[in-house]
Amino acid sequence: MIETETLFAPASGFGRAAVSVIRVSGPAAGHVLAALGGTLPPPRRLSLRTLRDPGDGTELDRALVAWFPGPDTYSGEDMAELHLHGGTAVRMGVLTALARMPGCRAAGPGAFTRRAVLNGRMDLAEAEAVADLIDAETEGQRRQALRQLDGALSRQVAAWREEAIDCLAAAEAALDFADEGDVDDAGLDAALFGRADALRQDIAKALQDGRRGERLREGFSVVLAGEPNAGKSTLLNALSRRDVAIVSDMPGTTRDAIEVRLDLGGLPVFLVDTAGLRDTAEPVEAEGIRRSRARIGAADLILALVPPGGTTPDLGASAIRTLTVHTKADLFADSLEPSPSGAIAVSARTGAGLEALLDAIQSEAQAGLGTGDALVTRARHRAALEACITHLDRLLTGEGALPELAAEDLRLAVRSLGEVAGHVGVEDVLDRLFSGFCIGK
Ligand SMILES: Nc1nc2c(c(=O)[nH]1)N(C=O)[C@@H](CNc1ccc(C(=O)N[C@@H](CCC(=O)O)C(=O)O)cc1)CN2
Ligand SMILES: Nc1nc2c(ncn2[C@@H]2O[C@H](COP(=O)(O)OP(=O)(O)OP(=O)(O)O)[C@@H](O)[C@H]2O)c(=O)[nH]1
Ligand SMILES: [Mg+2]
């Protein structure tokens with residue numbers, strides 16, 4: 001894959017900072033660096049250069065620059081890095097100079113990683129891991145992304161694909177013998193079906209993971225539900241130690257669902273404050289309550305808040321894990337006593353019970369997200385592996401059917417497995433993946 005355009009982009013964000021990195025990738029990267037810095041520095045060593053606009057010789061910055069000759073680079077192309085002083089004018093001056101250089105173009109989101117994939121430096125699953133690593137907000141998410149970047153998923157799927165290809169080769173060999181008319185392929189069939197069945201079971205086992213890889217990426221959602229004035233917004237603020245939600249003694253204060261993200265022992269948890277549940281004729285509040293019910297229905301855990309003298313919210317018939325939380329415990333001296341129902345009593349005012357509640361949420365998140373390392377981290381991987389199982393199932397239930405059909409089922413199984421690493425359909429997935437990527441990655 002030889003690209004003619006040279007891409008450049010800020011790699012360290014757009015704000016004010018001590019240092020700001022601009023990356024350049026493509027055939028003109030070396031030329032660009034020499035044109036800005038006077039001479040090309042030795043490969044892969046940060047070197048100090050005065051950068052000048054090649055157009056008019058204006059001094060732009062005194063910067064550290066690095067030269068990475070391809071193909072052993074992140075993108076697989078010639079690359080350069082400019083480590084500038086992190087001000088807006090410096091960055092804009094250099095970006096403007098780059099934009100004027102022949103063959104250079106500003107990179108879109110994920111463009112460097114896209115080239116890395118197209119140049120075979122990493123596969124699609126590893127590129128997804130780069131995106132996940134950048135988005136990782138907790139230790140659990142980081143560990144999972146690093147494992148995938150290291151090829152854990154890619155290697156396992158490659159091994160399955162090898163096995164499927166071997167089975168396919170055996171099926172095709174049987175086909176050739178069948179053409180020659182001297183077949184006794186019953187023995188080969190049994191061996192082939194045995195292998196396909198073992199492969200199917202292996203893949204199915206990896207999929208029986210409670211979706212914990214996907215869930216660790218998405219986060220564990222905890223929805224605060226209760227009647228108006230139950231103390232939901234106050235509790236959200238207290239648990240997150242931030243003043244995010246408006247609190248008032250007027251019932252019906254909260255309308256929009258408000259989310260805060262927490263890191264509980266390395267697990268990503270987001271708390272969602274919702275509008276208090278009641279019958280109302282007020283259309284805006286009614287819309288808020290409709291949204292509350294939608295968030296409650298999609299929750300991993302519901303906190304059912306009950307104020308002193310209040311009632312448990314009507315959550316309908318729900319299979320979602322629910323913890324009952326008695327709020328405003330400071331109003332009743334004895335309400336911090338452990339309640340027989342296992343409910344937790346808290347006071348946002350005094351802070352009593354908050355640690356116990358956070359511990360309870362963390363245990364629920366741990367149970368919900370499961371322990372152990374998941375292989376599958378996206379719905380895309382799951383869909384491809386499930387499709388593979390479907391093709392293997394067709395093969396396995398069609399025992400005794402024509403060898404042509406067996407070979408076709410195996411071909412489709414191989415194809416589905418190839419989707420995970422991007423052997424097939426890579427461009428479509430790249431477009432979707434990189435639309436959510438950072439500029440400069
Ligand atoms: N300044 C800077 N920091 C960075 C990056 C970068 O591109 N530039 N990275 C960008 O994401 C990450 C590091 N990842 C990288 C992965 C591979 C190569 C690379 O040049 N690989 C070559 C040579 C490997 C070697 O020196 O042993 C190769 O794989 O052939 C560079 C960075 C995070 N930090
Ligand atoms: N004494 C005491 N008052 C509290 C406590 N938590 C909340 N309140 C008060 O209860 C009232 C309602 O609190 P909010 O947090 O706005 O209640 P809400 O459940 O979000 O109400 P809606 O948004 O209307 O559904 C406010 O006046 C709070 O100050 C608490 O722990 N102790
Ligand atoms: Mg509220």
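Here are some questions and answers about the predicted model shown above.

User: Before we start, how are residues and chains labelled, and which pLDDT limits apply?
Analyst: Residues are numbered from 1 along each chain as its sequence is written, chains are lettered from A and ligands numbered from 1 in the order in which they are written, and side-chain values use heavy atoms, with hydrogens and water left out. As this is a predicted model, totals for chains, interfaces and linings use all residues, while local features need pLDDT of at least 70 and side-chain atom pairs count only at pLDDT 80 or more.

User: Happy with that! Which residues does UniProt give as "binding site"?
Analyst: The feature comes from an unreviewed UniProt entry; positions follow the numbering used here, feature names are shortened, and annotations may be inferred rather than shown by experiment. The residues span 22 positions in sequence, yet no two of their C-alpha atoms are more than 7.6 Å apart, so they gather at one spot.

User: Where does Ser233 sit, and is Ser233 buried or exposed?
Analyst: Ser233 belongs to helix H9, residues 232-240 (helices, H or I with at least four residues, and strands, E with at least two, are DSSP runs numbered from the N terminus). Its contacts (heavy atoms within 4.5 Å), apart from neighbours within four places in sequence, are Ala245, Ile246, Val247, Thr254 and Asp273. With a relative accessibility of 8%, Ser233 is buried (under 20% relative accessible area; exposed is over 50% and partly exposed in between, with a 1.4 Å probe and protein chains only).

User: What is the distance of the polar contact between the side chains of Thr254 and Ser233?
Analyst: Thr254 is in the loop between H9 and strand S8 (258-264), and counts as buried at 11% relative accessibility. A polar contact is a pair of N or O atoms within 3.5 Å; within protein, one must be able to donate a hydrogen and the other to accept it, and residues adjacent in sequence count only if both atoms are side-chain atoms. For the side chains of Thr254 and Ser233, the distance is 2.8 Å.

User: How much of ligand 2 does the protein bury?
Analyst: Oxygen atoms of ligand 2 lie 2.8 Å from a side-chain N or O atom of Ser233, 3.3 Å from a backbone N or O atom of Ser248 and 2.9 Å from a polar side-chain atom of Lys328. Taken alone, ligand 2 exposes 650 Å² (accessible areas come from the Shrake-Rupley method with a 1.4 Å probe; for residues, only the protein chains shown count as cover). Of that area, the protein buries 91%.

User: Which two residues does the cis peptide bond join?
Analyst: Most residues other than glycine have a negative phi, and most peptide bonds are trans. Here omega is about 0°, and Pro71 lies in the loop between strand S4 (59-68) and strand S5 (79-85). The cis bond joins Gly70 and Pro71.

User: What is the phi of Arg241?
Analyst: Arg241 is in the loop between H9 and S8, and is exposed at 67% relative accessibility. Although Arg241 is not a glycine, its phi is positive, at about 50°.

User: Which backbone nitrogen lies 2.9 Å from a polar side-chain atom of Gln141?
Analyst: Gln141 is part of helix H5, residues 139-149, and is buried with a relative accessible area of 9%. The backbone nitrogen at 2.9 Å from its side chain belongs to Glu137.
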